[in-house]
Amino acid sequence: MNIQTVIRSDKEERLRAARKEAYSTPLKDFHPGAPRLFQDDTLWPFFERLRKEEPVHYCTNAPIEPYWSVTRYNDIMHVDTSHGIYSSDVRNGGIAIRDAPPGYDWPSFIAMDQPRHSAQRKTVQPMFTPTHLDELAVLIRQRSAKVLDSLPRNETFNFVDRVSIELTTQMLATLFDFPWEERRKLTRWSDVSTALPKSGVVSSPEERRREMDECAAYFTRLWNERVNSEPRNDLLSMMAHSDATRHMDADNLMGNLILLIVGGNDTTRNTMSGSVLALHENPEQYEKLRNNPALIDSMVPEVIRWQTPLAHMRRTALEDTELGGKTIKKGDRVVMWYVSGNRDEEVIENPDEFIIDRARPRTHLSFGFGIHRCVGMRLAELQLKIIWQEMLQRFERIEVVGEPKRVYSSFVRGYESLPVRIH
């Protein structure tokens, strides 16, 4: 039995067991935000059942405070665009299913309500204009070519580290004008900032605190340099010279930095890795792409839907309201499961299938909607488009030769490793 058969068999067995568990467990006992479901990639039947039987579900069976799960596409859209009813503000709990622990509850523009949100968000938007993206595209292509040309042949390596992390970290360093030789600090800080206690990313709360303090001190030094110099075309300088952000306190600065680091690192890097896995698991789609490379334009949004790099966003109800026939009380946590909405059979045809030439590939929730829609989404799409253009020119096949190791998180749907081989 070859390795591919073993991997496929193990995956099918896991999903069979998960389906049995999902449909035998009483709904009142569901905890769809359990990180193990995401690490094992066995979340799908649990959300399938919720969409069918209780699309707005109240969980009380969790080691965290009770929360509502919103699992259907249109209900998620309603929550995501009803900013007067559902708050993102960190002072009300923030954007993740778990409240940020004391000392980590930094305010960022994604975790703010109006009017502060838009004022701070506008500060960094010039980085993502079409003109600037055209300039970045040249750099992305040069770097992609260099990284891909350095990869080994006939030898197993970790695609996550050698390609996904390296390329996205290079881009982050450029966006911040961060010291190039120390760019991997950005990757580490991103991982540490989103890590759960049981993830193994850090060994203790003290280590996490120490690393986050290092991040804050490092960026405070860079900030002071940018404030006291002429404006430059990087995110830090843009914030340092804008009236809306120039006078941020230390916590607000840290919040926006972590937001931009995680947004620029985790989402793109994990979708990049996910695209290799998706095309490996669906060889007929890869053949279709090789025969018609123009399909990259529709493959990119399809893989962003299929991967859903951020599984959820959370809101807090500002008033009593009704959703899906359920009464949500003021102060309740409301979790929008993008990962479930992206598999909603009522909105997306054959949602569990990976189809690179879908008629409407941009029908997905991965970037959110409304005022909090991902500010860097066009850059993320651009990086994915270019890396696949360059890979198709170089490699006939990228073979996944082992099980991917997924992140222990129900927030970031990511990969620690993806063993591959280029023949």
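Q: How much space lies in the largest cavity?
A: About 70 Å³. This is a predicted model, where local features need pLDDT of at least 70 and side-chain atom pairs count only at pLDDT 80 or more, while totals for chains, interfaces and linings use all residues. Residues are numbered from 1 along each chain as its sequence is written, and side-chain values use heavy atoms, with hydrogens and water left out.

Q: What counts as a cavity, and how is a volume defined?
A: On a 1 Å grid over the protein atoms alone, a cavity is a set of points where a 1.4 Å probe fits but cannot get out. Grid points are joined across faces, edges and corners, and the volume is the space filled by probe spheres set on the points.

Q: Which residues line the largest cavity?
A: I140, R143, S144, L167, M171, M272 and Q383 (lining means an atom within 4 Å of a point). The largest share, three residues, comes from α6, a helix covering 130-149. Helices are DSSP runs of H or I with at least four residues, strands are E runs of at least two, and both are numbered from the N terminus.

Q: What lies nearest its centre?
A: K11, L15, D41, E281 and W306, out of 32 lining residues. Helix α1 gives the largest share of that lining, nine residues.

Q: How does the lining of that pocket divide into nonpolar, polar and charged?
A: 11 nonpolar, five polar and 16 charged. Asp, Glu, Lys and Arg count as charged; Ala, Val, Leu, Ile, Met, Phe, Trp, Tyr, Cys and Pro as nonpolar; the others, Gly among them, as polar.

Q: Switching to rings: how many aromatic pairs are there?
A: 13. Rings of Phe, Tyr and Trp (its six-membered ring) pair if their centres lie within 6.5 Å; planes under 30 degrees apart are stacked, over 60 edge-to-face and the rest tilted. F38 and W337 have ring centres 5.7 Å apart and planes at 25°, so that pair is stacked.

Q: Where do F38 and W337 lie?
A: F38 is in helix α2 and W337 in strand β8, so the pair ties together parts 299 residues apart in sequence.

Methods. On a 1 Å grid over the protein atoms alone, a cavity is a set of points where a 1.4 Å probe fits but cannot get out, and a pocket is an open set with protein on both sides within 12 Å along at least five of seven lines; lining residues have an atom within 4 Å of a point.
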